[in-house]
Amino acid sequence: MNVVPRDLMTEIPVSSADFRGAMRHLTGGVSVITAGRGKDITGMTVTSVTSLSVDPPTLLVSINRDASSFPLIRRYGAFGVNILAADQLDVAERFAGKGGLKGADRFAGSRWVTAVSGVPLLVGALSAVDCEVEEIVERHSHGIFIGRVRDVRNSTRNAALAYWHGQYVAVDPDEEDAATLADVSVPARGRRGV
């Protein structure tokens, strides 16, 4: 593969609108990131959680520096990742700021347990993961938090909440969703190309 040296690249500006439009095509699992301890807690809805490594178990999440969660994660060195089930749309909307709720008020209406790190974890989430911050990589408007997984609480539920084209969608492998996704996205055996 030939790589063009950076000094020979032509800078072509990409508009924020074009980039956002492209990202609307990327389907993302919906999670709530929780931060803080005791009454000094907050959280936010994200689709930016990514598995980084299995050995050791590590994941990363990208968070805007202006988000209320950013300084709490930095201060306490921990965060929770709560992967939402399809019937937890109300939780996703609360933590996305619907209704103007902020900080600890976003936690009302759901059951939470305190993880070893002190962060709240959602009871009934598909998975609730307690992470210790291993590193923060700051770029542009965001910070990438690399978290070493310290505890995982999996449920037996399997219908997930996803976000695609500006709306929440349910994905349930026990229903039509899996068959529909397979029909439109999984190539038949023997077919080539994308």
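Among contacts in the protein between residues at least 6 apart in sequence, where contact means heavy atoms within 4.5 Å, 62% join residues at least 24 apart. The model is predicted, so local features need pLDDT of at least 70 and side-chain atom pairs count only at pLDDT 80 or more, while totals for chains, interfaces and linings use all residues. Residues are numbered from 1 along each chain as its sequence is written, and side-chain values use heavy atoms, with hydrogens and water left out.

The protein has 4 helices and 12 strands; these are DSSP runs numbered from the N terminus, with helices being H or I of at least four residues and strands E of at least two. Of its 194 residues, 32% are buried. Here buried means under 20% relative accessible area, exposed means over 50%, and partly exposed lies in between, for a 1.4 Å probe and protein chains only.

The interior may be taken first. In soluble globular proteins, nonpolar side chains tend to be buried together. A nonpolar core is a set of buried Ala, Val, Leu, Ile, Met, Phe, Trp, Tyr and Cys residues joined through side-chain atoms within 4.5 Å. The largest such core has 18 residues, of which Ile33, Leu59, Val61, Ile63, Ile73, Phe79 and Phe145 touch the most other members. Two or more residues of this core come from each of β2 (31–37), β3, β5, α2 (69–76), β6 (78–83), β9 (127–139) and β10. A second, separate core of 11 residues includes Ile41, Leu84, Ala92 and Leu161.

Leaving aside neighbours within four places in sequence, isoleucine 73 is in contact with Ile33, Ala35, Ile63, Ala78, Phe79, Val133 and Phe145. Just after α2, glycine 77 takes a positive phi of about 70 degrees.

The pocket comes next. Rolling a probe the size of a water molecule over the atoms shows where empty space is left. On a 1 Å grid over the protein atoms alone, a set of points where a 1.4 Å probe fits but cannot get out is a cavity, whereas a pocket is an open set with protein on both sides within 12 Å along at least five of seven lines; lining residues have an atom within 4 Å of a point. Grid points are joined across faces, edges and corners, and a volume is the space filled by probe spheres set on the points. By this account the largest pocket holds about 1400 Å³ of space. Its lining comprises 42 residues, with Met23, Val46, Thr47, Ser48 and His142 lying nearest its centre. Elements giving two or more residues to that lining are α1 (16–23), β1 (28–29), β3 (40–46), β5 (57–64), β10 (142–154) and β11 (160–164). By class, the lining has 19 nonpolar, 18 polar and 5 charged residues; Ala, Val, Leu, Ile, Met, Phe, Trp, Tyr, Cys and Pro count as nonpolar, Asp, Glu, Lys and Arg as charged, and the others, Gly among them, as polar.

Charged pairs can be followed next. A salt bridge is a side-chain nitrogen of Lys or Arg within 4 Å of a carboxyl oxygen of Asp or Glu, and the whole structure contains 9 of them. Arginine 94 pairs in this way with aspartate 90, their closest N and O atoms being 3.7 Å apart. Both residues lie in helix α3 (residues 89–95), 4 residues apart, about one turn of the helix. Arginine 94 is buried at 12% relative accessible area, whereas aspartate 90 is partly exposed at 40%. Glutamate 93 forms a salt bridge with lysine 98, with 3.4 Å between the closest N and O atoms; lysine 98 is exposed at 54% relative accessibility. Elsewhere, Arg65, Arg74 and Glu138 are linked in a network of salt bridges.

Some backbone features remain. Most residues other than glycine have a negative phi, and most peptide bonds are trans. The bond from aspartate 55 to proline 56 is cis, with omega near 0 degrees, and proline 56 lies in the loop between β4 (49–54) and β5. Histidine 140 has a positive phi, near 55 degrees. Histidine 140 sits in the loop between β9 and β10 and is exposed, with a relative accessible area of 75%.
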